[in-house]
Amino acid sequence: MSAEAAKFLNSFAQSLSTMSLYSQGHPARERVIDSAYAYLRRLQETDLTPQFSFLGLNVIYGEVALRELKEWDWGLRLANAGIQRLEFAASVDRTEFEAFLDDVLARLTQGSGDSATQSPERQSSIRFGAVGVRGSAGLVRAVEDKETSTYQYSLSEEADTMRWLHDEVQTTGELPLMEAESVVRSLSLAMHGDRDIVIPLLQLKEFDQYTTTHSLNVSVLAMALGEFIGLGSTDVRAFGVAGLLHDLGKVRIPKEVLTKPGKLTDSEWTIMRRHPMDGARIIFESDRQLDLASAVAYEHHIMINGNGYPERRFRRECHKASRLVHVCDVYDALRTNRPYREAWEAERVLANIESGAGTEFDAELATSFIQMMRQWERRVAVVDDQSPLPAPLA
Ligand SMILES: [Fe+2]
Ligand SMILES: [Fe+2]
């Protein structure tokens, strides 16, 4: 029976992450809801009124901790959003179930706020809310000290969405803004699933997937650094979008040049150097609200001493977001295996950033980045875009 419960919860979590990416009525969204609902009904064949508690990294089904979900981080995410207890009545229909998922997603996206202290929500036949609904204080004590720092999730939905987004820009020339923003929202959720921040970085599997993987990583690093230097959540999110889209202009670079193993010729370099201008233009023409992302796309290869590209006739200081993304960009590029060189060790990259502080990089931001990576070293989780990996680096 606990296996059925674990299957349901996995499917429930899958629905939430998919729903954050697709709008109402989208087939992908309908499919995951159908599937989670089917798992719930199957569980109810043996347990008419299933109850769950999310306590630390433990998921309690009825009175039993689900070992199958030992490293499942959704329990923490839900608990942090004020949903520590979940109870289903015997009769839950599909519409009700979807409304419930929407509600949970809204809480996850908005953060916990005051919801943790609210009385349990009543959604006709589904109840959820803070622990204490049925006096589970004993349970809380029993599991509290067993917490460990392990994470388990994949970023496959996000990677798929980015691949699709790049194809879309390539074929239509237009940027699907909603999807870009939902990827950033979803990355931000993954970063805050635990009590402390997690920095999930994707590992490159295929060389031609570099731009996708790199965009997601730069977005995550830009949000982490923004948070580290104390920016507010609106700015952090805007920096995340800017990080995600900084290399968008690369959709205009022929694949042979983009994935060429070995050094580029002068004329290939000229093509490569066009991507900041192309990216800035695509973003700017898609949405005027994205002028920050557009500026970052334009400026992310300009060094603090004015070198780099594109060439400008009038030199002025780049936007802070561009200077910040520049550091994150170089970090991720050097940490990745490329056809023409091996990935560098993290320490070597940090030393390189340190030596470039004040010439290539904004000195203050470079110092903050190094501090952040040292301080949050154990919070960096290397994940792949296919299967979930348990991954904090020891
Ligand atoms: Fe770039
Ligand atoms: Fe880049």
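**Close-up views: salt bridges and a helix contact**

**View 1. Lys-260 and Glu-268 join their side chains in a salt bridge, with 2.8 Å from N to O.** A salt bridge here is a side-chain nitrogen of Lys or Arg within 4 Å of a carboxyl oxygen of Asp or Glu. This is a predicted model: local features need pLDDT of at least 70, side-chain atom pairs count only at pLDDT 80 or more, and totals for chains, interfaces and linings use all residues. Residues are numbered from 1 along each chain as its sequence is written, chains are lettered from A and ligands numbered from 1 in the order in which they are written, and side-chain values use heavy atoms, leaving out hydrogens and water. Is Glu-268 buried or exposed? Glu-268 has 17% relative accessibility and so counts as buried. Lys-260, at 22%, is partly exposed. Buried means under 20% relative accessible area, exposed over 50%, and partly exposed in between (1.4 Å probe, protein chains only).

**View 2. Glu-30 and Arg-94 pair through a salt bridge of 3.1 Å, N to O.** The partners lie 64 residues apart and link distant parts of the chain: Glu-30 sits in helix α2 (residues 27-46), Arg-94 in helix α4 (residues 94-110). Helices are DSSP runs (H or I, at least four residues), numbered from the N terminus. Glu-30 is partly exposed, with a relative accessible area of 24%. Both residues belong to a salt-bridge network that also holds Arg-29, Asp-34, Glu-98 and Asp-102. The structure has 13 salt bridges.

**View 3. Glu-347 and Arg-374 form a salt bridge, their closest N and O atoms 2.9 Å apart.** Glu-347 belongs to helix α15 (residues 346-355) and Arg-374 to helix α16; 27 residues separate these distant parts of the chain. Glu-347 is partly exposed at 46% relative accessibility. Arg-374 is partly exposed too, at 39%.

**View 4. Helices α14 (residues 320-335) and α16 (residues 363-375) cross at roughly 45°, their axes coming within 10 Å.** Axes are lines fitted to C-alpha atoms, for helices over the stretch in contact; angles run from 0 to 180 degrees between N-to-C directions. The two helices are therefore oblique to each other. Angles under 35 degrees count as roughly parallel, over 145 as roughly antiparallel, 65 to 115 as roughly perpendicular, and the rest as oblique. On the α14 side, the contact is made by Lys-320, Arg-323, Leu-324, Val-327, Cys-328 and Tyr-331; on the α16 side, by Leu-365, Ala-366, Phe-369 and Met-373. Contact means heavy atoms within 4.5 Å.
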